[in-house]
Amino acid sequence: MEKITRISNELRDWIIQTLKSGVNPESIVAAMVKKGFDQAFAYSIILRIVTNQSIQTVNSNQSPYMYESTAIAKKGNIIKTSDREIKVLLKMDKPYITYLDNVLSTDECDQLIQLSKDRLQPSEIIDPVTGDKKSVPGRTSKGAYYRLNETNLITTIERRIMEITDHPIENGEGLQVLNYDIGEEYKAHFDYFPTNQIDMTKGGQRVATFLIYLNDVEAGGETIFSKVGLSIVPKKGTAVYFHYGNNHGQVDRLSLHSSIPVQEGEKWVSTKWIRQEMIYQ
Ligand SMILES: O=C(O)CCC(=O)C(=O)O
Ligand SMILES: [Fe+2]
């Protein structure tokens, strides 16, 4: 493959923006090499940009988060997809949250639970230092993970999420299903990555989450946005969409959230984390 040795203004602006958001130069070089750039050339370009722009690569997230309009906000109170009408139940601006009714049918929820029962594993996170998967004390649920388009049901759900949010399917991580028994919870956390963990070769930062409730929970199990005092009660087939990453590479700390312990019954949800760029190319 012939290596690319020139860059466009667009790419230059992208590099500046990405550096400002705190992504390390090595990740940017890796992303450029994947796109066909010569590695030494990529390093030299970044060095030249940093020297000219006096870019600070660490503290951009300390400036106030700038809210940007989202595609879903422009769609009115009834969102029509190719196979469904979805009603907006609640909207919040800061942090940006939308609660939606009728996203999955009862049957689709039951099918996804059934499909996941055999696959459940203790939930894990990616260790920020080693990059390995590891279990975490604050997260006691069990999870199942799906590849994009793994089954017809998964494809239907992924397409619907795309039609509702306008985020391309390729920007989404594989669907995850979580199951919480009595007492199980997911302690307060952000869904976005710390800046030293953003991998530009894998779609970069997470910018939004689409969380679907697959069953009703008798008591407990709410999703809590503690900084704004909001509590979402799980209702089968509904979904909450929250958006926390803007085009300037900032992330919204008001998006802190948790799943409080289930007190009665059990809880099933499905999460789609959405990245700023395509993960799969
Ligand atoms: O189960 C919930 O309500 C929250 C799940 C969650 O925060 C996540 O999957 O990132
Ligand atoms: Fe989360």
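The protein chain holds 5 helices and 17 strands; both kinds of element are DSSP runs numbered from the N terminus, helices being H or I runs of at least four residues and strands being E runs of at least two. This is a predicted model, in which local features need pLDDT of at least 70 and side-chain atom pairs count only at pLDDT 80 or more, while totals for chains, interfaces and linings use all residues. Residues are numbered from 1 along each chain as its sequence is written, and chains are lettered from A and ligands numbered from 1 in the order in which they are written.

Burial comes next. A residue is called buried if 20 or more other C-beta atoms lie within 10 Å of its own, exposed if 12 or fewer do, and partly exposed in between, with C-beta atoms placed from the backbone. Of the 281 residues of the protein chain, 36% count as buried. Contacts can be looked at too: two residues are in contact if their C-beta atoms, placed from the backbone, lie within 7 Å. Taking contacts between residues at least 6 apart in sequence, 76% join residues at least 24 apart.

As a general point, nonpolar side chains in soluble globular proteins tend to be buried together. Here a nonpolar core means a set of buried Ala, Val, Leu, Ile, Met, Phe, Trp, Tyr and Cys residues joined through C-beta atoms within 7 Å. The largest such core has 42 residues, and the members touching the most others are Phe 210, Ile 212, Ala 239, Val 240 and Tyr 241. At least two residues of this core come from each of β3, α4, α5, β8, β10, β14 and β17. β10 gives the largest share, 6 residues. There is also a second, separate core of 13 residues, and Ile 28, Phe 37, Ile 45 and Met 200 are among them.

Leaving out residues up to four places away in sequence, Tyr 241 touches Ile 72, Thr 98, Leu 100, Thr 165, Ala 208 and Phe 210. Phe 242 sits in β14, which spans residues 239-243. Phe 242 counts as buried because it has 23 C-beta neighbours inside 10 Å. Setting aside neighbours within four places in sequence, Phe 242 is in contact with Pro 95, Tyr 96, Ile 97, Ala 208, Thr 209 and Ser 255. Ile 157 lies 85 residues from Phe 242 along the chain, and the C-alpha atoms of the two are separated by 17 Å.

One of those contacts, Pro 95, has a backbone feature to spot: the peptide bond from Lys 94 to Pro 95 is cis, with omega near 0°. Pro 95 belongs to the loop between β2 (85-92) and β3 (96-101). Two asparagines also stand out. Asn 102, in the loop between β3 and α4 (106-117), has a positive phi near 60° despite not being a glycine. Asn 102 is partly exposed, because 15 other C-beta atoms lie within 10 Å. Asn 149, in the loop between β7 and α5 (152-165), has a positive phi of about 60° and is not a glycine either. With 12 other C-beta atoms within 10 Å, Asn 149 is exposed.

Now for the strand pairings, where two strands pair if DSSP finds at least two bridges between them. Strands β4 (residues 121-122) and β7 (residues 142-145) run antiparallel and are joined by 2 bridges, with Gln 121 partnered by Gly 143 in β7. β7 also pairs with β8 (residues 176-180), again in the antiparallel sense, over 4 bridges; Lys 142 stands opposite Asn 179 in β8. Elsewhere, 4 strands make an open, antiparallel sheet in the order β9-β15-β12-β13. Its edge strands, β9 (186-189) and β13 (230-232), each pair on one side only. Within this sheet, β12 (residues 223-225) and β15 are joined by 2 bridges, and Ile 224 stands opposite Ser 258.
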